[in-house]
Amino acid sequence: MTQEDTVTEVPGTQPEAPPRRFRRDRRHKTLGGVCAGLGRHCDMDPVIFRIGLTVLAVTGGVGLIFYGFAWLFVAYDDEDENEFRKLLTGRVDGPGLAAIVTALVGCGVFLSMLNNGGALTFAVVLALLLAGAGYWSQQRRDADPDPVAAQAVADAPPEAQAPPVAGAPSWWRDPIVKDGTHIGGTGYFWGPSDMAEAPGARAAGPGAGPAVRRSAAPARPRGIGGLTFLGALVAGTIGTAATWDDRTLSHSLQTGLACALVVFGLGIAVSAFRGRTGAGSIVLAVLTAGLLTASAALPSNISTQWMRTDWTPTSVADVHERYEVGSGVGTLDLSGVKLPAGKTLPVHVEVGAGKATIVVPKDARVELHAETGVGDIQLPGDTSNDVDVRPGIDEKTTLEPPPGTKASGTFEVHVEVGIGQVEVSRAA
């Protein structure tokens, strides 16, 4: 029995085609080839993904986050290594750095939009629509495969591969530019340096043939790290100064840091095609993203101007329901207000950053609710003058009039301080 007799074929069956994997498209790429790869993978026009991801990038940063991570972890269709694996092996080049900064910029924009529920809802709905359209298009294509193409793929002989070349460089010394040249810098951020001479450059000994002449090292691209840092500094200063007078401190810092982060991202993206940026630009971009996250966590009512404000109402009609100070010292003196017995008067004092001082009448009963994000609370009767700074203080207490004093009405005082101190005292 021959080998051909042992092979049994079932009539009418076609060999299963291997599952398609999502890969970036190098030939039709605009930036990193992510949208072109999505279009080919889902059998859709890449322009749909380009427009959708652009809208997602503007409305909540989700588009930049997805594009950056896809650029980093998805390889080209003609390569086996993605940009993240190249970074792990020490090959730091422009596309890998641009992918990291794109994701960082997206994270910064996303964090700055956390308080905007409408924009985030729109981004989620649009992302679900894009994912659903891509999934539907892919399922429609897979449901009706082309039998002629499948049979052609099954009958195609295996692709011929060249035999390994003796003395070929290892994966560690493999340069970024795959042209067989290994003289000069290899593009590695760390690891062994390249050989000083090409293989065979040194003569084997006396009587050997002429030594192979060493080729000149390629010219290194011009560094643009300094220009990128200068542009980010100028953009951050302009963005902060433009919003300093009419916006809160948190919003002003977010605007300046976001402008600086965008410049860092553009600089590293440009370095993927022209020029070169160093590791310092990456470190500065990461620090800027961290500062942007911290500025988004600041209380939203802290102003950029430090003020000292005194409120001294003299009657019940003069007392407002709410008193506010962005940054500074706010003093509410209620000692001149004669509140009749049995009457309750609510008062709300809010300070973003600084100190809130409340002076209540000697004969008044006070129901106090004091809150501080980070700070200290001092009440009448506290003998210690030390400031005990603690995070997240929420204290409710009732201050009764001193013994022997006829009680009048009740003040319901609610004090909120983002960063600073709350001080409540009685009039002499």
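Is Leu230 buried, partly exposed or exposed, and what is its relative accessible area? In this predicted model, local features require pLDDT of at least 70 and side-chain atom pairs count only at pLDDT 80 or more, whereas totals for chains, interfaces and linings use all residues. Residues are numbered from 1 along each chain as its sequence is written, and side-chain values use heavy atoms, with hydrogens and water left out.

Leu230 is partly exposed, with a relative accessible area of 49%; the classes are buried (under 20% relative accessible area), exposed (over 50%) and partly exposed in between, for a 1.4 Å probe and protein chains only. Leu230 belongs to helix H8, where helices (H or I, at least four residues) and strands (E, at least two) are DSSP runs numbered from the N terminus. Helix H8 spans residues 225–242 and also contains Thr228. Between Thr228 and Gly265, which are 37 residues apart along the chain, the C-alpha separation is 9.1 Å.

Leu230 is also one of the residues of a nonpolar surface patch of about 720 Å², together with Phe229, Leu233, Val234, Ile238, Val283, Leu284 and Leu287. Two or more residues of the nonpolar patch come from each of H8 and helix H10 (279–296). The most is given by H8, with 5 residues. Patches consist of residues with over 30% relative accessible area and no salt bridge, like charges being joined within 9 Å and nonpolar side chains (Val, Leu, Ile, Met, Phe, Trp, Tyr) within 5 Å. Accessible areas come from the Shrake-Rupley method with a 1.4 Å probe, and for residues only the protein chains shown count as cover.

Strand pairing was assigned where DSSP finds at least two bridges between two strands. Strand S1 (residues 306–311) runs parallel to strand S2 (residues 322–333), and 6 bridges join them. Within this pairing, Thr309 has Gly330 of S2 as its bridge partner. S2 also pairs with strand S3 (residues 344–360), in the parallel sense and over 11 bridges. Here Asp333 stands opposite Val359 in S3.

The structure holds 12 salt bridges, each defined as a side-chain nitrogen of Lys or Arg within 4 Å of a carboxyl oxygen of Asp or Glu. One of them links the side chains of Glu350 and Arg322, at 2.5 Å from N to O. Glu350 lies in strand S3 and Arg322 in strand S2, so this pair ties together parts that are 28 residues apart in sequence. Glu350 counts as buried at 15% relative accessibility, whereas Arg322 is partly exposed with a relative accessible area of 42%.

A further salt bridge joins the side chains of Glu423 and Lys355, at 2.7 Å from N to O. Because Glu423 lies in strand S6 (residues 410–426) and Lys355 in strand S3, the pair ties together parts that are 68 residues apart in sequence. Both residues are partly exposed, Glu423 with a relative accessible area of 23% and Lys355 with one of 26%.

Salt bridges that share partners also join Arg24, Arg26, Asp78, Glu79, Glu83 and Lys86 into one network. Glu83 and Lys86 both lie in helix H4 (residues 83–88), at a spacing of 3 residues, about one turn of the helix. Both Glu83 and Lys86 are buried.
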